[in-house]
Amino acid sequence: MSKPIKAMIIFLVLLLIAAIAALVVVLNSSGENVQGKELTIDEVVEYSYESPEITTDLEDGSFVRIQFQILTDSKEAKEEVTKREFQLKNIIIKELAVMNEENFKSGLGNLEDILRTKLNEVMKDGSITAVYTINKILQ
């Protein structure tokens, strides 16, 4: 076999291997979450935790009563959040203590992001995927 034909066969084999690798990558990254499985709405509800209502004062002396729905990525994570309720309350109270009425009204989404980040810092078995405000009263 001549040298140019060997080089062409090697080139075609390498091209085929690259095409197969690209196909595997594309098929495995089609919109699934980090664990490789997208949760159904039933699983989302099953793995979510409803915090107790918390009443506390803001920096400017206003009072707020608030409640959150915390979405986790697994049954174990939900159980851990339930056990860490005291830490959840502590994080919420600390974050609300530095907010005033205007910050509270306009920055509720920011508060949810901060709570998610801080809760994930203490989580060991799974993670918090989202935090939603489900009840709030500001006086």
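The legends below describe close-up views of a predicted model.

**View 1. The two domains of the protein chain.** Domain 1 covers 1-31 and domain 2 covers 41-138, with bounds taken from an automatic or database domain assignment. Their C-alpha centres are 50 Å apart.

**View 2. Helix α1, residues 3-28.** Helices here are DSSP runs of H or I with at least four residues, strands are runs of E with at least two, and both are numbered from the N terminus. The 26 residues of α1 reach 38 Å from first to last C-alpha, close to the expected 38 Å (1.5 Å times one less than the number of residues). The count of buried residues in α1 is zero (buried: under 20% relative accessible area, 1.4 Å probe, protein chains only).

**View 3. Helix α6, residues 108-122.** This helix has 15 residues and reaches 22 Å, close to the 21 Å expected. Its buried residues are L108, L111, E112, L115 and L119. They lie on the same side of α6, because they cover an arc of only 100° around the axis (taken from the directions from the helix axis to the C-beta atoms). Their cover includes β3, α4, α5 and β4.

**View 4. The largest nonpolar core.** Such a core is a set of buried Ala, Val, Leu, Ile, Met, Phe, Trp, Tyr and Cys residues joined through side-chain atoms within 4.5 Å. This one has 22 residues, and L111 is among those with the most contacts inside it. The elements giving two or more residues to the core are β3, α3, α4, α6 and β4. L111 touches I66, F68, E95, L96 and M99, leaving aside residues up to four places away in sequence (contact: heavy atoms within 4.5 Å).

**Notes.** Residues are numbered from 1 along each chain as its sequence is written, and side-chain values use heavy atoms, without hydrogens and water. Local features need pLDDT of at least 70 and side-chain atom pairs count only at pLDDT 80 or more, while totals for chains, interfaces and linings use all residues.

Key. Buried means under 20% relative accessible area, exposed over 50%, partly exposed in between (1.4 Å probe, protein chains only).
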